[in-house]
Amino acid sequence: MKVTTLCYLERDGKYLMMHRISKKNDVNEGKWIGVGGHLEKGECPEECLYREVTEETGLHLTAHRFRGLISFFSEGYEDECICLYTSDSFEGDWEHLPVCGEGKLEWVKKEKIKELNLWEGDEIFLRLLMEDAPFFSLKLCYKGDDLTDALLDGKPLDGTRA
């Protein structure tokens with residue numbers, strides 16, 4: 001199982017979102033997600049978090065909050081454990097973000113997030129983040145683009161849509 005990080009930077013009632021439109025052969029093509037990526041050899045999740053945020057946004061985290069673990073399963077892809085974070089503590093020019101090789105970065109009002117092209121499972125954990133839920137574990141199972149199963153802290157969710 002590969003380990004990755006995913007972070008939602010927060011400022012003025014907005015999350016920093018990446019519209020994945022630039023990377024070739026991207027499983028997330030056309031979707032809006034947070035920033036993050038794969039752990040490199042010898043990295044712990046927090047080292048990866050700080051490196052990936054800087055690489056993708058030019059911003060430097062000064063603090064973070066570990067919000068949950070997402071176990072991701074999908075036919076044709078390696079199983080993935082995603083360490084989910086938020087941060088409202090960072091330094092750098094947050095108004096003029098660099099061009100990222102994976103997509104377009106944009107600050108989006110939290111109340112507008114549901115209008116974006118999101119993965120169905122992302123809708124679940126974004127709702128939990130916005131509700132300031134305590135640390136959680138979320139299992140997401142996909143078949144193609146369809147969410148087939150979702151467990152929150154080991155218990156089935158009533159319906160999969162947030």
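Predicted model: local features only at pLDDT ≥ 70, side-chain atom pairs only at ≥ 80, totals over all residues.
**Notebook: cores and rings**

I began with the largest nonpolar core, which has 27 residues, and found that Tyr8, Met17, Leu84, Ile113, Phe125, Leu126 and Leu140 touch the most other members. A nonpolar core here is a set of buried Ala, Val, Leu, Ile, Met, Phe, Trp, Tyr and Cys residues joined through side-chain atoms within 4.5 Å. Buried means under 20% relative accessible area, exposed over 50%, and partly exposed in between, with a 1.4 Å probe and protein chains only.

Residues are numbered from 1 along each chain as its sequence is written, and side-chain values use heavy atoms, leaving out hydrogens and water.

Next I looked up Phe125: leaving aside residues up to four places away in sequence, Phe125 touches Leu6, Tyr8, Ile70, Leu84, Phe136 and Leu138 (contact means heavy atoms within 4.5 Å). I then found a second, separate core of 15 residues, with Leu61, Cys83, Tyr85 and Trp107 among them.

On to the rings. Rings of Phe, Tyr and Trp (its six-membered ring) pair if their centres lie within 6.5 Å; planes under 30 degrees apart count as stacked, over 60 as edge-to-face and the rest as tilted. I get 8 aromatic pairs by this rule. Phe66 and Tyr85 have ring centres 4.8 Å apart and planes at 25°, so they are stacked. Phe66 is partly exposed at 33% relative accessible area, while Tyr85 is buried at 0%. Trp119 and Tyr142, with centres 5.4 Å apart and planes at 75°, form an edge-to-face pair, and both residues are buried.
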